Amino acid sequence: FMLGDTYREKGDYDNQVKAYEKMVNLRPSDWQGYYYLAQAYLTKGAKYDNKNKDWQKVRFEYYQKSVETFKKGMTLKPDSDSLMRGIAGAYQNLAEMSKGAEKTKYYSESVKILVAFTEKNPQNEYGFALLGEAYSKLGKNKDAIENAQRSLKIKENLFAYSELGDVYF
């Protein structure tokens, strides 16, 4: 873990992923290892140079790896807040890079997880804001507004305000 974290701090995402892959190979029953590896895949995808002609394909592949890795972690600890938030965000990353039915599928997967997350964590403003964003992208504006407002009732945050602005715009 510390080696992977050091590589992350240095911005060496290739070696960060390798270190976390080694970690889950050494400790396959440690759900946190899968969380860190999935987060590393997300970071590597987000940081992938968009000057490369295949940047979209590569990012999409890393986001898919992230979802697969979060799922492995969830088989070990299905009620983990970290894993639930992580996979929901990863699905939304995939959705943003998709079109049509595939985009809808990824946002719908995110909604399923976020509904469970917010039921489990009714005071987590970020979960409701993220759920509002997913509903907005699915064209369910009433649900989007409801969840963004619920987020703001818990704690004022720019994410929920931004989501409300997007929906009303």
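In the predicted model, Arg85, Ala88, Gly89, Gln92 and Glu96 of helix α5 meet Tyr126, Leu130, Glu133, Ala134 and Lys137 of helix α7, where contact means heavy atoms within 4.5 Å. By class, the residues of this contact of α5 with α7 comprise 4 nonpolar, 2 polar and 4 charged; Ala, Val, Leu, Ile, Met, Phe, Trp, Tyr, Cys and Pro count as nonpolar, Asp, Glu, Lys and Arg as charged, and the others, Gly among them, as polar. Residues are numbered from 1 along each chain as its sequence is written, and side-chain values use heavy atoms, with hydrogens and water left out. Because this is a predicted model, local features need pLDDT of at least 70 and side-chain atom pairs count only at pLDDT 80 or more, whereas totals for chains, interfaces and linings use all residues.

Helix α5 spans residues 81–96 and helix α7 residues 125–137, and the two pack at an angle of about 25° with their axes 11 Å apart, which makes α5 roughly parallel to α7. Helices (H or I, at least four residues) are DSSP runs numbered from the N terminus, and axes are lines fitted to C-alpha atoms, for helices over the stretch in contact, with angles running from 0 to 180 degrees between N-to-C directions. Angles under 35 degrees count as roughly parallel and those over 145 as roughly antiparallel. The crossing of α5 and α7 is left-handed, a term that applies if the near helix is turned anticlockwise from the far one by less than a right angle.

Helix α5 also packs against helix α4 (residues 55–76), the axes coming within 9 Å and crossing at roughly 155°, so that α4 is roughly antiparallel to α5. The crossing of α4 and α5 is left-handed. On the α4 side the contact includes Phe60, Tyr63, Val67, Phe70 and Met74, and among the α5 residues that they face are Leu83, Met84, Ile87, Tyr91 and Leu94. The residues of the contact of α4 with α5 divide into 11 nonpolar, 5 polar and 1 charged.

Helix α4 packs in turn with α3 at an angle of about 170°, with their axes 8 Å apart, and α3 and α4 are therefore roughly antiparallel to each other. The contact of α3 with α4 has 12 nonpolar, 5 polar and 4 charged residues. Pro28 is placed in the loop between α2 (13–26) and α3 (31–47), and at 48% relative accessibility it counts as partly exposed, the class between buried (under 20% relative accessible area) and exposed (over 50%), with a 1.4 Å probe and protein chains only. Leaving aside neighbours within four places in sequence, Pro28 is in contact with Tyr34 and Leu76. The C-alpha atoms of Pro28 and Gly73 are 9.2 Å apart in space, although the two are 45 residues apart in sequence.

Asn157, in the loop between α8 (141–154) and α9 (158–168), counts as buried at 15% relative accessibility. The side chains of Asn157 and Ser151 are joined by a polar contact of 2.9 Å, that is, a pair of N or O atoms within 3.5 Å of which, within protein, one must be able to donate a hydrogen and the other to accept it, residues adjacent in sequence counting only if both atoms are side-chain atoms. A polar atom of the Asn157 side chain also lies 2.8 Å from the backbone nitrogen of Ala160. In helix α8 itself lies Ile145, which is buried at 16% relative accessibility.

Conventions
Angles under 35 degrees count as roughly parallel, over 145 as roughly antiparallel, 65 to 115 as roughly perpendicular and the rest as oblique.
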